Amino acid sequence: MRKLKELFVSKIVSSYYLPSIFIFIFDVCSCIFAFIFSYLLSADIYYYRYSEMNSFLNFTFIKQMLFVMVVQVISFVIFRTYARIIRFSTFNDVLRLFLSCLLTFVVVIGLNQLSVVFFEYGLIYRLSILFYSVTSFIILFIFRLSVKLFYDIIINKSKKNMSKVVIYG
């Protein structure tokens with residue numbers, strides 16, 4: 001078991017980067033989790049404060065999630081948040097994440113308002129979108145930060161085991 005663990009850790013550390021498709025899939029799964037959390041939180045608030053608001057929405061939960069995820073995936077592609085090496089994340093990568101979440105927020109709120117104006121029903125709770133945008137950004141940011149810290153800790157640990165050598169000549 002110990003050999004397997006060492007092999008796994010050495011394979012992760014020695015690999016230069018994680019393929020972009022894995023990062024993209026993880027980002028989308030994180031956003032799905034953030035949406036579920038945000039929806040449950042905001043639906044609870046709306047249910048207790050405005051019981052008549054349930055008739056305001058015409059979309060079911062699955063349709064709302066698909067709608068938001070399509071917009072989020074498009075914003076991921078526009079800002080190419082998945083294309084960088086995560087262990088070398090910089091402030092620019094965090095800015096791309098923020099802009100991607102902000103674009104999703106603006107587009108979904110805009111389409112929701114258009115739906116209210118033209119069809120007299122909303123697609124999604126506005127509070128849910130606000131919670132979703134903040135939650136998804138925090139989750140994506142913490143993931144990148146934790147990967148960066150993980151590699152720093154592992155690399156510094158492996159450097160401590162090295163012997164100091166002087167080359168003379």
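**Exercise 1. Find the helix that holds F98, and decide whether F98 is buried, partly exposed or exposed.**

Step 1. F98 belongs to helix α4, which covers residues 91–119; helices are DSSP runs of H or I with at least four residues, strands are runs of E with at least two, and both are numbered from the N terminus.

Step 2. The model is predicted, so local features need a pLDDT of at least 70 and side-chain atom pairs count only at pLDDT 80 or more, while totals for chains, interfaces and linings use all residues. Residues are numbered from 1 along each chain as its sequence is written, and side-chain values use heavy atoms, with hydrogens and water left out.

Step 3. The relative accessible area of F98 is 39%, and F98 is therefore partly exposed, given that buried means under 20%, exposed means over 50%, and partly exposed lies in between (1.4 Å probe, protein chains only).

Step 4. Between the C-alpha atoms of F98 and S136 there are 9.5 Å, although these residues stand 38 residues apart along the chain.

**Exercise 2. Describe the surroundings of S30.**

Step 1. Locate S30 in helix α2, which runs over residues 20–49.

Step 2. Because its relative accessibility is 7%, S30 counts as buried.

Step 3. Leaving aside residues up to four places away in sequence, S30 touches I139 and L140, where contact means heavy atoms within 4.5 Å.

**Exercise 3. Which side chains meet in a salt bridge, and which helices do they belong to?**

Step 1. Apply the rule that a salt bridge is a side-chain nitrogen of Lys or Arg within 4 Å of a carboxyl oxygen of Asp or Glu; the count by this rule is one salt bridge.

Step 2. The side chains of D27 and R144 form a salt bridge, with 2.8 Å from N to O. D27 sits in helix α2 and R144 in helix α5 (residues 126–160), so the pair ties together parts that are 117 residues apart in sequence.

**Exercise 4. Summarise the protein as a whole.**

Step 1. Count five helices and zero strands, which follow the pattern α-α-α-α-α when read along the sequence.

Step 2. Of the 169 residues, 33% count as buried.

Step 3. Among contacts with a separation of 6 or more, 82% come from residues 24 or more positions apart.

Step 4. The protein exposes about 11500 Å², of which carbon and sulfur atoms supply 71%, with accessible areas taken from the Shrake-Rupley method with a 1.4 Å probe.
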